[in-house]
Amino acid sequence: MKMDLLKIGKLMKKYFIDCGAHCGESILMAKQRFGLDTTTISFEPVPYLAEQLVEIHKNDSSVYIQNSAVWIEDTVKRFYISDKYTDGSSLLNSLNDLKDEQYIDMNCFDFSAWLKNTFSKDDYVILKLDIEGAEYEVLNKMIEDKTIDLVNEFWGEWHDMKIKDDHTHVLAQKVYSYLRDNNIEFREWEIHIPTYGKNHPLLAFRPHKLTE
């Protein structure tokens with residue numbers, strides 16, 4: 001994955017890795033929760049949300065926005081778009097009631113490899129995963145690659161109760177067992193805002209069709 005972010009590991013030490021940035025509420029919360037000296041790196045697959053975040057933070061040198069999806073390999077995958085919720089889109093069409101025919105082609109990258117190439121144990125890495133069910137594949141690969149050891153704090157949301165396929169549930173139990181057996185705390189990222197309707201308070205605009 002070609003990103004200037006490979007350079008910043010040599011310059012700064014505390015990072016908030018924001019996987020599933022939505023409309024930026026986590027970026028604002030990270031500044032409050034972890035301090036203004038934290039560098040935020042946000043990944044948001046929904047194009048219009050990522051474009052808006054780039055515009056909002058264009059003058060903030062501590063925030064990096066990338067329109068791509070966190071995954072287990074460098075590839076292009078179908079990203080299924082929710083027409084009901086701004087935070088309900090996913091790489092998994094088994095999540096809730098996502099429609100097979102409503103998707104966009106999304107650039108994905110190997111998140112575990114990116115962690116390994118970008119950070120060291122000298123960095124303080126705060127990871128927030130809110131990627132609508134893809135967290136189990138991503139965490140499983142991090143466990144296998146041992147890049148999970150590069151993360152100092154884990155935050156996020158679990159989505160196994162919203163997913164209908166058996167494979168994800170098996171992975172979920174594997175991840176939960178590893179976290180429990182290794183005394184790794186996964187803290188719930190709690191920010192509640194409305195995520196539906198045309199007048200979303202944190203959105204500057206919302207297209208009538210998200211796939212346009």
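**Are F43 and W114 buried or exposed?** Both are buried (under 20% relative accessible area, with exposed meaning over 50% and partly exposed in between, using a 1.4 Å probe and protein chains only). This is a predicted model, where local features need pLDDT of at least 70, side-chain atom pairs count only at pLDDT 80 or more, and totals for chains, interfaces and linings use all residues. Residues are numbered from 1 along each chain as its sequence is written, and side-chain values use heavy atoms, leaving out hydrogens and water.

**View 1: the ring pair F43 and W114.** Rings of Phe, Tyr and Trp (its six-membered ring) pair if their centres lie within 6.5 Å; planes under 30 degrees apart are stacked, over 60 edge-to-face, the rest tilted. Here the centres sit 5.3 Å apart with planes at 90°, so this pair is edge-to-face. F43 belongs to strand 2 and W114 to helix 4, 71 residues apart (helices are DSSP runs of H or I, at least four residues, and strands are runs of E, at least two, numbered from the N terminus).

**View 2: H22 in its loop.** Look between strand 1 and helix 2 for this one. At 6% relative accessibility, H22 counts as buried. Its side chain makes a polar contact with the side chain of E25, at 2.7 Å (N or O atoms within 3.5 Å; within protein, one able to donate a hydrogen and the other to accept it, and residues adjacent in sequence counting only if both atoms are side-chain atoms).
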